[in-house]
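Dear colleague,

I am passing on to you the structure that we spoke about, and I would be glad if you looked through it before reading my notes. What I found in it is set out below.

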Amino acid sequence: MSKRKPYVRSMDGWWKKNPYYVEYMIHEATALFAAAYAFVLLVGLVRLGQGEAAWNGWLEALKSPLSLVFHVALLAGIAYHTYSWFVIMPITLPPIMVGGKKVGPAAITGGGLLATVAASVVMLALVWRIAL
């Protein structure tokens, strides 16, 4: 009786073979940008707890050219993550009925993006007002 080896499917690059999976992996990877920004804010919170000098040092570090480039990269990554989240939202939500009619995917995605932009503008206005 011969012993056969069990078939073991290779997991190398499985996600590269299907464009849907590539897009999914990019979406998931951009969540790291949100985590990186959360870490920056956490460091700021720690510095705030360490006193005025530490807080002011953190604020000065944020003004450096390297920090500005880093924040632009974070903004781009988080913006793509947000966009891709709202694009898949119509697929993940149960059907939404308004006036007896099903709300279309474009309305769901557009509404989510519009709400995000509106909330961002409100927050920017509040921060701007506090800063002045």
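**Pockets, rings and helices**

Helix 4 gives the most to the lining of the largest pocket, with 9 residues. Please keep in mind throughout that this is a predicted model, and that what follows was computed from it.

To begin with that pocket, the space in the largest pocket comes to about 1000 Å³. Its lining is made up of 24 residues, and those closest to its centre are Tyr37, Leu41, His71, Leu75 and Leu124. Two or more residues of this lining are given by each of helix 2 (31-49), helix 3 (52-62), helix 4 (65-92) and helix 5 (105-131). When the lining of the largest pocket is divided by residue kind, 19 residues are nonpolar, 4 are polar and 1 is charged.

The second largest pocket holds about 180 Å³ of space. Among the residues that line the second largest pocket are Tyr20, Glu23, Tyr24, His27 and Glu28, as well as Ser84, Trp85 and Val87. Helix 1 (19-29) and helix 4 are the elements that give two or more residues to this lining, and helix 4 supplies the largest share of it, 6 residues. Here the division of the lining is 6 nonpolar, 3 polar and 2 charged residues.

Turning to the aromatic rings, I can report that the count comes to 3 aromatic pairs. In one of them, the rings of Trp14 and Tyr21 have centres 5.5 Å apart and planes at 65°, and the pair is edge-to-face because that angle is over 60 degrees. Trp14 is partly exposed, with a relative accessible area of 34%, and for Tyr21, which is also partly exposed, the relative accessible area is 34%. Trp14 and Tyr21 belong, together with Tyr20, to a cluster linked by ring pairs; Tyr20 is also one of the residues that line the second largest pocket.

Helix 2 has 19 residues and reaches 27 Å from its first C-alpha to its last, which is close to the 27 Å expected at 1.5 Å a residue. After helix 2 comes Gly51, whose phi is positive, near 120°.

Helix 5, with 27 residues, spans 39 Å between its first C-alpha and its last, close to the 39 Å expected at 1.5 Å a residue. Which residues of helix 5 are buried? They are Ile108, Thr109 and Gly112, and the buried residues of helix 5 pack against helix 4. Leu124 also has its place in helix 5, yet Leu124 counts as exposed, because its relative accessibility of 56% is over the 50% cut-off. Leu124 is, as noted above, one of the residues closest to the centre of the largest pocket. The C-alpha atoms of Leu124 and Gly57, which are 67 residues apart along the chain, are separated by 23 Å.

Finally, Thr82 is found in helix 4 and counts as partly exposed, with a relative accessibility of 22%. Between the C-alpha atoms of Thr82 and Leu42, which lie 40 residues apart along the chain, the separation is 21 Å.

With best wishes

Conventions. Residues are numbered from 1 along each chain as its sequence is written. This is a predicted model: local features need pLDDT of at least 70, side-chain atom pairs count only at pLDDT 80 or more; totals for chains, interfaces and linings use all residues. Side-chain values use heavy atoms; hydrogens and water are left out. On a 1 Å grid over the protein atoms alone, a cavity is a set of points where a 1.4 Å probe fits but cannot get out, and a pocket is an open set with protein on both sides within 12 Å along at least five of seven lines; lining residues have an atom within 4 Å of a point. Grid points are joined across faces, edges and corners, and a volume is the space filled by probe spheres set on the points. Helices (H or I, at least four residues) and strands (E, at least two) are DSSP runs, numbered from the N terminus. Ala, Val, Leu, Ile, Met, Phe, Trp, Tyr, Cys and Pro count as nonpolar, Asp, Glu, Lys and Arg as charged, and the others, Gly among them, as polar. Rings of Phe, Tyr and Trp (its six-membered ring) pair if their centres lie within 6.5 Å; planes under 30 degrees apart count as stacked, over 60 as edge-to-face and the rest as tilted. Buried means under 20% relative accessible area, exposed over 50%, partly exposed in between (1.4 Å probe, protein chains only). The expected span of a helix is 1.5 Å times one less than its number of residues. Contact means heavy atoms within 4.5 Å.
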